[in-house]
Amino acid sequence: MSIISIALTVYDLREQSVKLHRLVESHNSITVSVCERKAGVKELESCLLVPGDLLILTGNKVQMPCDAVLIDGSCVVNEGMLTGESIPVTKTPLPRMDSSAPWKTQSEADYKRHVLFCGTEVIQAKGACSGTVRAVVLQTGFNTAKGDLVRSILYPKPMNFKLYRDAIRFLLCLVGTATIGMIYTLCVYVLSGESAKEVVKKALDVITIAVPPALPAALTTGIIYAQKRLKKRGIFCISPQRINVCGQLNLVCFDKTGTLTREGMDLWGVVPCDKNGFQEVHSFATGRALPWGPLCAAMASCHSLVLLNETIQGDPLDLKMFEATTWEMAVSGDNFHIKGVPAHATVVKPCKTASQVPVEGIAILHQFPFSSSLQRMTVIVQEMGGDRLAFMKGAPEKVASFCQPETVPTGFASELQIYTTQGFRVIALAYKKLEMDHHTTALMRLLKLLVRELAVNFETGSHILKRKLALRDKVESDLVFLGLLILENRLKKETKPVLEELISARIRTVMITGDNLQTAVTVARKSGMVSEGQKVILVEANEGSASSSASISWKLAEEKKHILYGNQDNYINIREEVCDNSREGSYHFALSGKSLQVISQHFSSLLPKILMNGTIFARMSPGQKSSLVEEFQKLDYFVGMCGDGANDCGALKMAHVGISLSEQEASVASPFTSKTPNIECVPHLIKEGRAALVTSFCMFKYMALYSMTQYVGVLLLYWETNSLSNYQFLFQDLAITTLIGVTMNLNGAYPKLVPFRPAGRLISPPLLLSVIFNIALSLAMHIVGFLLVQRQPWYHMEMHSNHTMQSESTSQLTTPHTVPDEVEIDGAFPSFENTTIWFLGTINCIIMALIFSKGKPFRQPTYKNYIFVLVLIIQLAVCLFILFADVPDLYRRLDLLRTPVLWRVYIVIMLSCNFIVSLVVEEVIIENRALWIIIKRCFGYRSKSQYQIWHRALANDPSWPPLNQMSHPDLPGCGRGVSYSNPVFESNEEQL
C-alpha cells in the first residue's frame, strides 16, 4: 500500500513538472528572424535572443518568445495568456521622438499599446511602407511578463498544513511511548535470564507495535478515495494532499469574467436621442433591426474588429455591437476604386436582406484606437456614394464633453445613472460630418505623417506626433451626440445558487476581477455576493503629488433599485425604491487594484480593516491578485481561489487551494482543475475536503488506539515473558486492521455544507480527549481481564512454569492434547492470559472502528458505507466463532487455549461495557459541539486567528466604517509606521 501511494504521488508530481516545463519552454522552442547590422536577416533559436535584438515578424499565429517594443508595422495580438481575456488587441508602432526621455513616457497614451508581451500570440502582422514588421527585444526569460507569471508558479510561499505537523508530533509521541516500553521489556527479560538475542528482539518488537506501520497507507487510502470521488465529478487533482486543506477553507476568491459570468458582454439595447431628448429603448431581443441612421452607421463602423481567415475577430464588446447591426465585413481589393478609399481597407456592408439602407457600404479609412487613459476611440469613414464622417465611441461623460452642448439631452446625467447603478456597461456614441475638401486635405496629411513616422527620422519625430494629435483634436470637436449603447455581463446560471450555498455555510466570498469597478459591484449584487439591503462602500485611494499627500475617500455606492423592461422580469425599473433595513449594519468595501496598491504603501494600518469587509476588488493585475490572496492569508484565512485564465495563475498557486476552470495554463498552477466550466465544483471540493479531513482524524484515532491496545496487551504478556504469536499478530494486522483501514475511508461527503468546519488539528481538545479516554478505557479493560483470569478457580500456574499440559481433570477445559512441551520459536506460548488478551484486543479493534467512523455532518452516515459495515459484521462473526467454537486445529494454529464458556461470556460482557461507555462518551461529550462552545465561554477562550481579532476590534469601533470622509497618512492611526503583522506567516513557511 505504501509503495503504491508513493508511486502515485511521484507520478502526479512528475506530471505536474512536465506540464510546467512545457509551459515555460513553449516560447523557447521556436525559430525567429533577427536582423543584424552586418549579417542581415538570419534565423535564430528564440532561446538565444538578448535585449536589443531586432526581430522581424512574418506571417500569422506567432508565439512571442520575449517582450518586445514594436517600431514598424502593426500587429493584432491575443493577450489572453496574461489578461485572461481572449480579446485580440491591436498594437501600434512606437512613435519616433528626438527626446532623450525614456521611451515609456514618449507614447501619446498607454505605452503597452506598443509592446508585444512574451507568451502572447501574434494573430496578424501587417507591415507598413517598408513591408516588414519589426520589434526590438526588451526582456527575455524570467524578466518578461510571462516569466514573472511562471516565477510566481515555481516559487510560491511555502505552505505547511497543521494536520501534517501534528501527525509528526503524534508519531514522535508514539516513539516516546515505545521507548518506555523498550526499557520495560529490557528490565523484564534481563531479570528473567533470557538470552541477549531474545531481549533485543523483544525490545525491537515494541517499536513496530507502538508505531503503526499501516498509518501512512491508511491515510493515503482515504485521500485516494476522495480523489476518485472528485474525478467522477470532473474535478482533477495534481496535489492530493491539498484535499484535506479544502476542508478548512473559510474564504473563497472568484475571478469574474468566465468564472462567475459568461465570457464577454451581451448587448441589451440602445437608447437613441434627438433634439427632444432620449427616445424609447430599442431592444435587440425582439429581433427588430435598428433603423438606418447615424447611430446604425456608428455601430457598424466605430470598432477595431479585423477580418482574419474569413472570421471577424476583436473585442467581444465591439463584436456584439457589430453583430447587432446584421452588417457584413470585407476587405477592399486592389481593384477597389472609390475616391479617397485606399486598397485593402476594411469595408462594412449591409446584409442582403437589409432594406431602406441608402448606402452600399462604409469604408473605414483610419482609426484612433481605444485607449483606457483617453476613454474613447474614433474612426474616420467614407460612405460609398455619401459623406465622409467621424464616429466616436467611449465613456459617456467623455464623449459628451466632445459634443455640441445643444445635442446632449438635458436628462443625460439622470438617464446615465439609471443604467450605471444597475451595473450595465454604458457606452456613448457621437458623430460628425467632415467637409470633403477639408477632410481630403487632412487625410492626405495624416497619411504622410504615418509614412514619415514609420521612417527613421528622429529629428522630426516629436513634431510629427504633435501635428498628429492636433489633427485628432480637430476631428473630435463639435460632435453630435447619438445615444447610449447598453451592455450587460450575464451571470452563469450556476453562480447564484453556489454563492448562496457558500454564504449560508459561513464561507466568505470575494470577487477579484480585471473588469471595471461598477460592473463588478453590479455582478456582486446580482450574484448574491452582496445581499439586498447591504451597503457597498467605494474606497478610492489617490497616490498624491508633490503638493498633496496620499488620501482615501469613502463613498457609499448607489443602492440597487429594481426596474422592469417590457415583459422581462430580470431587468430593472430604477425609479422603484426597495427598502430593506433588516441588515443596515452589514457593509462591503469595493476598491480597485490601484487603490489597493496605494493603501498598501501609505495606509498599511487600514489595510486589514478594509480586507475584513473587502468583497469587490476590480481592475486587478495578475500580481495584485497574488498579493491580495497573500494579504488574506496573513489574516489567518484559509483561502481558496477559483479562476479560468492564465492571469489567475499566480493567485491560484498562492492560495491554499487553487481551482482552475480551464485546462490551459491555469491548470498547471492550480492543484485542482474542473472540467465543468462553472463554480459548482467549489462546494463539492469543500465537502470532499471536510469529509477527507474527518476521515484522516478517524484513522489517526483508530490507528492510535489499535497500536496502543496491541502495545498494552504485549507488555502485559511480557510480564509473564510471553507474547502474541505470529499468527495472532497476523490476524489482527491483516484480517482486522488492514481491512478496516481500507474500508473505513469509503464514506462519501455529506451533501449539505454546514456553517462550521471540522477541527483542523490533532491536538484539539475533543480529539485529544477522545484518544486519551479510549486508550485509558482499553488499558483498564486489558488489565482487568489479565488480572481476573488469574483468579479463576480453573487457572493453574504450573502450566506457565512447566509449559506442559494441565492435569487430566482440567485438560478438557483447556487445550487439545497437542500443546507443545517447549516454548514456540517466536517466544509465545499458549496461556489463559494470552487467550484473554488476544480476544479483548482483537474484538475491541472492531468495536472502536465502528465508534470512530463518524458520519454527519461532514460524511455520509456509517450505515451507508455498506462495504465497511459488511466487513465489520464478518469480522465480528469470525471472532465470536473463534471465541465460542471448540475447533482444536484452529486453536492450535492461533496458539489459543480453550476456556470455560462462562469466561468467554465474561469477555463479551467486558467488551460490551467498553463499547457502551465509549459510545456514550463519544456522542454525549466528544461530539457535542454545543457543550464545547459552553466550555470555551466558561473559560473565556477566544480565537487567536488574526481575522477573529480584527472582527472583535471592528465590532467595538463606532467610527468604523467611515463614510463621506477623506483620510490622510498624517491622521492618527493612518501612518505608514503602524502596520499589522502575523509573525507566524512572516516566517519561511505558512502556518496553518
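Biologist: In which helix is Q732 placed, and is Q732 buried or exposed?

Modeller: This is a predicted model, and in it Q732 belongs to helix α22, residues 726–743. Residues under 20% relative accessible area count as buried.

Biologist: Which residues beyond four places in sequence are in contact with Q732?

Modeller: Neighbours within four places in sequence are left aside here. The contacts of Q732 are then Q710, L724, T737, W838, G841 and T842.

Biologist: Which transmembrane regions does UniProt list, and what is the helix content of residues 725–746?

Modeller: The unreviewed UniProt entry lists residues 167–191, 203–226, 700–719, 725–746, 767–789, 836–853, 865–885 and 905–926 under "transmembrane region". In the model, the end C-alpha atoms of residues 725–746 lie 31 Å apart. That span has 0% strand, and its helix content is 82%.

Biologist: How are the axes of α21 and α23 oriented, and what is the handedness of their crossing?

Modeller: The axes of α21 (residues 681–718) and α23 (residues 765–789) come within 10 Å and cross at roughly 25°. Angles under 35 degrees count as roughly parallel, so α21 is roughly parallel to α23. The crossing of α21 past α23 is right-handed.

Biologist: Which residues of α21 make this contact, and how many of the residues in the contact are nonpolar?

Modeller: From α21 the contact draws on F697, K701, A704, L705, M708, T709, V712, G713 and L716. The partners in α23 include L767, N774, H782 and F786. By class, the contact of α21 with α23 has 1 charged and 6 polar residues, and the nonpolar residues number 12.

Biologist: What is the phi of T721, and is T721 buried or partly exposed?

Modeller: T721 is found in the loop between α21 and α22. Most residues other than glycine have a negative phi, whereas the phi of T721 is positive, near 50°. With a relative accessible area of 23%, T721 is partly exposed.

Definitions and conventions. Residues numbered from 1 in each chain as written. Predicted model: local features only at pLDDT ≥ 70, side-chain atom pairs only at ≥ 80, totals over all residues. Heavy atoms only, no water. UniProt positions renumbered as here; feature names shortened; annotations may be inferred. Helix = DSSP H or I, 4+ residues; strand = E, 2+ residues; numbered from the N terminus. Axes fitted to C-alpha atoms, helices over the stretch in contact; angles between N-to-C directions. Parallel < 35°, antiparallel > 145°, perpendicular 65-115°, else oblique. Left-handed = near helix turned anticlockwise from the far one by under 90°. Contact = heavy atoms within 4.5 Å. Nonpolar A, V, L, I, M, F, W, Y, C, P; charged D, E, K, R; others polar. Buried < 20%, exposed > 50% of the residue type's maximum accessible area, 1.4 Å probe, protein only.
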